[in-house]
Amino acid sequence: MGLTLPDFPWDSLESHRERASAHREGLIDLSIGSPIDSTPPVATKALQDAAQAPSYPLTAGTPKLRSAMAAWWERRRNTGPLAALEVMPSIGSKEMVGLLPTLLGVRSSDVVVIPEIAYPTYAMGAHVAGAHVVASDDPAKWPEGTKLVWLNSPGNPTGRVHDVAYLREALSTARRLGAVIASDECYGELGWDGITVPSLLDQEVTQGDRSGAIALYSTSKQSNLAGYRAALVAGDQTLIQELLLARKHLGLIVPAPIQAALTAVLGDDEHVAAQKERYRLRRDLVRSALEAAGFRIDHSEAGLYLWATRDEDCWDTVSWCAERGVLVAPGSFYGGAGTRHVRVALTVSDQHAEAVRDRFLA
């Protein structure tokens with residue numbers, strides 16, 4: 001028998017998309033966080049220069065890429081020095097989110113802990129492995145039998161950031177349970193209003209001991225490389241090498257030209273700062289439009305989304321927005337705790353970000 005999988009959540013938005021698209025001034029799509037700005041020249045030049053790639057690439061990444069990944073984690077995420085054996089590239093971060101339970105050998109008798117409000121792929125990866133899912137943000141409530149704990153900071157969809165004290169408690173609890181703890185940090189560069197986003201691998205969290213812990217990061221958001229599927233993983237050397245061995249057997253290899261582009265963007269912080277400023281301006285515009293229309297913004301201190309509510313069922317809010325030609329994602333996509341919120345993405349043009357206010361207040 002094959003897997004019985006639920007419908008893809010975004011398919012249920014289709015009727016609302018059609019309604020929003022019928023607006024006289026067209027659709028403004030705030031439902032999906034897919035980058036729309038240009039891929040930076042530092043990436044496209046590296047890709048072009050590496051286009052001749054007749055040989056199989058290294059699953060572990062080229063020596064230059066491994067060096068760039070280790071340097072990036074130390075420079076941008078305060079991990080302290082990392083060895084080449086403590087890092088690896090992945091085919092986007094979603095691949096790791098979806099496959100990690102399977103690659104770790106999680107079984108049907110095991111528990112995978114995910115955030116209470118969470119991107120659906122954490123649960124889907126556990127479902128594919130046959131594991132039991134527990135949605136809990138409280139380490140004191142993580143049960144015996146837990147084999148994998150997922151953290152997501154900044155959180156998707158809420159934009160919530162875990163502080164160092166929480167990360168220490170989570171790491172300590174996971175170790176007591178004998179569980180691997182994995183932190184999805186793909187929005188880590190996007191802290192707002194002076195917010196710093198600590199990594200699970202931050203030296204203040206690990207005190208130099210990364211055992212049992214790994215962290216994921218993606219260049220999709222910081223560098224507009226969603227179409228490249230270019231991401232990186234770091235952490236416990238034993239875990240990284242076990243995952244790498246499984247990936248070798250399965251052929252999960254980042255293509256050589258993409259490895260070259262990933263190497264290039266990890267060494268260039270300037271384009272990342274420029275992209276963050278674009279998102280900051282759009283965030284200010286969209287947030288002001290939502291608040292002027294009577295929404296409350298919860299959390300949202302980091303990341304690419306605003307977690308907004310009108311204190312009503314999320315589908316009523318989706319419908320209200322669609323009438324005005326704006327498509328947003330219902331919070332119910334992310335679990336039962338999200339049913340009175342919507343997720344509003346910032347991946348829109350400056351023109352559309354400005355137009356949201358006019359439409360909401362018309």
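Accessible areas here come from the Shrake-Rupley method with a 1.4 Å probe. On that basis, the protein, a predicted model, exposes about 15200 Å², and 51% of this area is supplied by carbon and sulfur atoms. Of its 362 residues, 55% count as buried.

Along the principal axes, the C-alpha atoms fill a box of roughly 55 × 50 × 45 Å. Among contacts with a separation of 6 or more, 76% are accounted for by residues 24 or more positions apart. As for charge, the mean positions of the 35 positive and 43 negative charges lie 2 Å apart.

Turning to the interior, nonpolar side chains tend to be buried together in soluble globular proteins. In this model the largest nonpolar core has 41 residues, and those with the most contacts inside it are Trp-73, Trp-142, Leu-151, Ile-181, Leu-200, Leu-232 and Leu-266. Helices and strands both contribute: helices H3 (63–77), H6 (164–177) and H10 (256–266), along with strands E3 (111–114), E5 (146–152), E7 (213–218) and E8 (231–235), each supply at least two residues of this core. The largest share, 7 residues, comes from H6.

A second, separate core of 39 residues includes Leu-190, Ala-293, Leu-306 and Ala-308.

Notes
Residues are numbered from 1 along each chain as its sequence is written. This is a predicted model: local features need pLDDT of at least 70, side-chain atom pairs count only at pLDDT 80 or more; totals for chains, interfaces and linings use all residues. Side-chain values use heavy atoms; hydrogens and water are left out. Buried means under 20% relative accessible area, exposed over 50%, partly exposed in between (1.4 Å probe, protein chains only). Contact means heavy atoms within 4.5 Å. Lys and Arg count as positive and Asp and Glu as negative; His and the chain ends are not counted. The place of a charge is taken as NZ of Lys, CZ of Arg, CG of Asp or CD of Glu. A nonpolar core is a set of buried Ala, Val, Leu, Ile, Met, Phe, Trp, Tyr and Cys residues joined through side-chain atoms within 4.5 Å. Helices (H or I, at least four residues) and strands (E, at least two) are DSSP runs, numbered from the N terminus.
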